[in-house]
Amino acid sequence: MSFIRRHESQYARSLIEASLDPLVTINTKGKITDMNEALANITGMTREQLTGTDFFDYFTEPQKAREVYQIVFANSSVADSPLTLRHKEGKLTDVLFNGSVYKDNQGNVLGVVIVARDVTDQKRIATELNEAKIAAESATKVAESAKKKAEDAAKIAEDATKTAEDATKTAEDATKIAEDATKTAEDATRIAEEAVKSKQQFLSNMSHEIRTPMNAIIGFTKVLLKTDLSAKQKEYLTAIKMSGDALIVLINDILDLAKVDAGKMSFEKTPFKMAVSLSAMLHLFETKILEKNLKLVREYDKTIPPVLVGDPVRLHQIILNLVSNAVKFTTNGKITVSVNLQSEDEEKVTIRFSVTDTGIGIPETRLGTIFENFQQATSGTSRLYGGTGLGLAIVKQLVEAQNGTIRVESKVGEGSTFSFTLDFQKTNEEAASDLVIVDPDVEIKNIKVLVAEDIALNQLLMKTILDDFGFERDIADNGKIAIEKLQTTDYDIILMDLQMPEMNGFEATAYIRKTMNSNIPIIALTADVTTVDLAKCRAVGMNDYIAKPVDERVLYNKIISLVKKPVPVIENKDRVKTHGQRIKCIDMEYLARRTKSNPTLMMEMISLYLEQTPQLITAMKQGLHDKDWNCLYSAVHKMIPSFAIMGISTDFENIAKKVQEFATTQKQSEDIPELVLQLESICEQACEELEVEFNAIKNTNV
Amino acid sequence: MNNNKKIKIFLVDDDALYLKLLAIEFLEHADFEIESYATGEECLVNLSNEPDVIILDYKLDGLDKNAMNGIQTLDKIKAFNKKIPVIMLSSQDKIDVAVSCMHHKAYDYVVKSETAFLRLQKAITSIYTYKKLEKQLNWYMERM
């Protein structure tokens, strides 16, 4: 029995020793009574050292260990209580503390058997897992924020949808590699922003590109409208022109919006007369308002200083939009435009402008969105009243860009009031002079215009318009050519396109003013008044500008007012006297017909004339002077065919025949010197004109 | 005449402008070979080029007193080969001038005017009609 017991005891012992989990028995006093090898290993102490010592001392938290131990005595056992054992050299081992009391045969508690399961690995794995989890979670978070950013970016730029999708995709990949994702997302945002920018650029460029052909379409339609047309043709052409005008308005609107969006809109600060400026602008609506049987009421606060500094063009644009809306949506009643001084201090005034109509009104629910792009009060509005829904968006942008505010009040069926306030600086300066309106009945024909313009269609259009005015014109393909022409020929005025290859309008003007010291009037031609730096135009010395599509009347007025000013009346008279009626003496029609407008042949013919005629003039004069009648006869004789070729009036042919007659008979001699002089002057004029013609042909056909 | 060859025309006039205009018109309207000369002398030097028709200005000595005039040039041409048809051209609408030209065996006399080219064209056509008739006549004569 004792053998068996000993044997059993030995067996139990070897099991205990084999366990990797520390096993220990503690007596009721807490002292270690027995242990296995694992405990010795984990604490780094020998069995001898351990035996009889306080068990709790080997834990990092002895108090907690003691509590656990007391729980064992109280509840007979404890399971999986976490504690940490300390190696004598400091190494810590996490254990799960399991214990149960053991009793003698009488049931008296002898002590506690404790198994401390080593959970270091588990714990490490758990920690790692936890960390991994946290890492994963934060990664997800970053990725999500990246994704959100990218999605925002996608929203910002509808055009950039594709880019944003890439970004979303990139962001999803970033769930795995959060840092990369963040970076990619930032890239995506940047790309999206660039996409927005490029969208605006595209819009701006496109509008510009569309305008160029539109200018030609509208311009030539105008020219065509002036020719003899049947009623039907006139009707159709008018339709083309109206559609063209509408399209230009739309393009301008888009361009304006794109510009405001891009923050490129610039505002002038020029002194102007507010009252005059506004009433001139409202004048434009008179016909329209009369047509619709409406009444236009103007209320202008007399206390507003007469001259203010601001941007009259933009102010016009704002009021124009508001009033044209008012007119559009009002079928009966009146439109009130009132301008009131709201406040005034030393430097500036705040003015409230309001436009009130008695029109259809705007539903309350729509008041909030009425200023957004492409919004009209109801989707049916555009069907009924037309329009793009860009007008108010532009108005709002224009007002806010100048630090103003805009408000709308409206009641359906009663009407709307749009009001905005803007600040204007006060000034003592005089306002820039108003456009000189010249009576169009005053015929001024002998004006020589140099047009610097690179686009062939526009060249042709300018030619047509200027021919229509009866002005002489010459075309230069760029600024450089214009300067070359200016050096050899006298012109009265230059129309200068701003954007040209080789040398642009600014450079050319600067050269003409500074290097050539010429004061010739220069009008800038620009496709796009909004971007053009008017200040720059003035700085280089341009006298004025005109926007394309060129309004013929405006162009005519500008040319006349600029040309008239610097030329004293006396000199003008002089010119008339020496050159007779200086109408163009040549007519290329015959030559064009004969050569079938072949430019090379025409140029050959003209250069032959230019070569031969001076010799003939000399011979003619010489003949008269030397009384060498044969010589006079021959020279004049040879001149005769050239009159017909160059389209010079038959009057001169008859004069030449008279001279010829005289040379053979030598009668009526007293008239002859005068007749010869007339022939000389007409031939000289023809030479001058043909030279211009020659250059014109050359320049248009190079 | 050779039908495969273009008709070769000599244009002789000291008015360079008019000369050029004529040349342009001839080249525009029909398939001619044109040689232009400013003086009678130049024209004579080049007679070896075998012109089919010569259009000659009456007044070639207008500015250059020593230049050969139209009639003199006409005589020289006829001396070289009397079969070359010469059409005289002048801005003078005078009967005695025309008659004098005819006496010197010019084929025709055309006044420089807007219709000059049309008349020249007609004259040339009639030259060829005449030549053809002559040829046919010769053909029949041989067989008679």
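Reply: A salt bridge is a side-chain nitrogen of Lys or Arg within 4 Å of a carboxyl oxygen of Asp or Glu. The model under discussion is a predicted one.

Me: Which residues form a salt bridge, with the closest N and O atoms 2.4 Å apart?

Reply: Between chain B and chain A the count is 1 salt bridge. The cut-off for such a pair is 4 Å, and here the closest N and O atoms are 2.4 Å apart. The residues are E604(A) and K20(B).

Me: How many residues of chain A are in contact with chain B?

Reply: Contact requires heavy atoms within 4.5 Å. On the side of chain B, 18 residues take part. By class, these comprise 6 nonpolar, 3 polar and 9 charged residues. Their counterparts in chain A number 25 residues.

Me: What is the area buried between chain B and chain A?

Reply: The size of an interface is often given as the accessible area lost when the parts come together. For chain B and chain A, carbon and sulfur atoms give 63% of this area. The buried area is about 2,200 Å².

Me: Which strands stand at the edges of the sheet in chain B?

Reply: In chain B, 5 strands form an open sheet with parallel pairing, in the order β2-β1-β3-β4-β5. A strand at the edge has a single partner strand, so one side of it is left without a neighbour in the sheet. The edge strands of chain B are β2 (32-37) and β5 (108-111).

Me: Which residue of β4(B) stands opposite D57(B)?

Reply: Strand β3 (residues 53-57) of chain B pairs with strand β4 (residues 86-90) of chain B in the parallel sense, over 4 bridges. The residue opposite D57(B) is L89(B).

Me: What angle does the direction of helix α1 of chain B make with that of β2(B)?

Reply: Helix α1 (residues 16-29) of chain B packs on the sheet. This helix touches β1 (7-12), β2, β3 and β4 of chain B. Its direction makes an angle with that of β2(B) of about 175 degrees.

Me: In chain A, which residue of β14(A) is the bridge partner of V449(A)?

Reply: Chain A has an open sheet of 5 strands in the order β14-β13-β15-β16-β17, with parallel pairing. Within this sheet, 5 bridges join strand β13 (residues 448-452) of chain A to β14(A). The bridge partner of V449(A) is R473(A).

Conventions. Residues numbered from 1 in each chain as written. Chains lettered and ligands numbered in written order. Predicted model: local features only at pLDDT ≥ 70, side-chain atom pairs only at ≥ 80, totals over all residues. Heavy atoms only, no water. Pairing = 2+ DSSP bridges. Helix = DSSP H or I, 4+ residues; strand = E, 2+ residues; numbered from the N terminus. Axes fitted to C-alpha atoms, helices over the stretch in contact; angles between N-to-C directions. Buried area = accessible area lost by both parts, 1.4 Å probe. Nonpolar A, V, L, I, M, F, W, Y, C, P; charged D, E, K, R; others polar.
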